[in-house]
Amino acid sequence: MILVVGGAGYIGSHLVKELVEKEEVVVLDNLATGHEEAVDSRAVFVKGDLGNVEDLESIFSKYPIKAVMHFAAFSLVGESVQDPYKYYENNVANTLTLLNVMLKHNVKNFIFSSTAATYGIPKEEIIVEKSETSPINPYGRSKLMVEQILADFHAAYGLNYVVLRYFNAAGAHVSGEIGENHDPETHLIPIILQQLLGERESISVFGTDYPTEDGTCIRDYIHVTDLANAHIAALDALLNGTKKAETYNLGNGVGYSVKQVIEMCEKVTGEKANVILGDRRAGDPARLVASSDKIFSELGWKAERGLETIIESAWKWHNK
Ligand code: UDP
């Protein structure tokens, strides 16, 4: 059985939908930001907190867990700057509690959701895993701290892990049943699509004076189902013992500016966006684009869905 912590959240719920096809799954989620109805009905759902030792103990005592995937984190850069305690408490301290209970029950396979925010302001156009990690906000630091904890726990306690550094997760399940459902929504693609549906007045572009071609930030958008499939490849590698302590980037390798994303949304939907050019948002690097060559050469995974497919899938979900 696989424990998916945070399996009711955006990325976790998409992973669960794929994972239930091949494994028994138990989801632990406190529903702080997740949605129980997003959890595939083939998974066992437990409402509880990853920082609560009793909640964890009851799962590890009841189910034969062979690996843990951990998605239960706060992930908003701006919020992390305003309220770093929230980030260090949940993303670091609670993860430490989870790891401790895992080890007590001799569960030694862990897949960790990390982020491109660990790189800070990268020196390279295309980021590789060996690029310097120097996060510029508490969110990125909280994730890098856990990465460092994992390396130490591997050396000291034999904990095996795969760290997956996501670039910009986006899109929705092909069924249209689940998608990106944050409240309040802060992410670019759902905000644009909500505006195009008439659910918001306008879209603000955060900064037009970045050192990029059109002055807006460039990101590498990756479909959430591609992310899910990378987790399954990582799980296989941990369970068959071929990988014991690895870090991989997950991206498409193609960067799109905020303006280009808006244009693609207009193209896919046939609607015209109401755009306001605004100021920069704190904590945003100008450009984040991944090389995912390492995971392709080692695990055979690569992203299969580009920006247009991402937006088409998200549009289908938003229209439901
Ligand atoms: N962005 C924007 N307007 C918005 C939301 C986001 O211009 O209303 C920009 C943001 O500054 C960043 C990019 O879109 O450059 C992606 O932001 P998002 O919050 O989706 O993801 P992040 O990169 O923070 O993980």
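**Exercise 1. In which loop does Pro184 lie?**

Solution. Two conventions come before the steps. The model is predicted: local features need pLDDT of at least 70, side-chain atom pairs count only at pLDDT 80 or more, and totals for chains, interfaces and linings use all residues. Residues are numbered from 1 along each chain as its sequence is written.

- Step 1. Pro184 sits in the loop between strand S7 (168–170) and H6. Helices (H or I, at least four residues) and strands (E, at least two) are DSSP runs, numbered from the N terminus.
- Step 2. Asp183 and Pro184 are joined by a cis peptide bond, with omega about 0°.

**Exercise 2. Describe the packing of H2 and H4.**

Solution. Two packed helices are described by the angle between their axes and the distance between the axes.

- Step 1. Helix H2 (residues 53–62) and helix H4 (residues 84–104) pack at about 35°, with axes 10 Å apart. Axes are lines fitted to C-alpha atoms, for helices over the stretch in contact; angles run from 0 to 180 degrees between N-to-C directions.
- Step 2. The crossing of H2 past H4 is right-handed, meaning the near helix is turned clockwise from the far one by less than a right angle.
- Step 3. H2 contributes Val53, Leu56, Glu57 and Phe60 to the contact, and H4 contributes Thr97, Leu98 and Val101. Contact means C-beta atoms, placed from the backbone, within 7 Å.
- Step 4. Sort the contact by class: five nonpolar, one polar and one charged residues. Ala, Val, Leu, Ile, Met, Phe, Trp, Tyr, Cys and Pro count as nonpolar, Asp, Glu, Lys and Arg as charged, and the others, Gly among them, as polar.

**Exercise 3. Which residues come nearest to the ligand, and which element gives the most to the shell?**

Solution. 

- Step 1. Of the 15 residues around the ligand, His187, Leu188, Phe206, Cys217 and Val258 come nearest. A residue is near if its C-beta atom, placed from the backbone, lies within 6 Å.
- Step 2. Helix H6 (188–196) and strand S8 (203–206) each supply at least two shell residues. S8 gives the most, with four.
- Step 3. The shell has eight nonpolar, four polar and three charged residues.

Key:
Contact = placed C-beta atoms within 7 Å.
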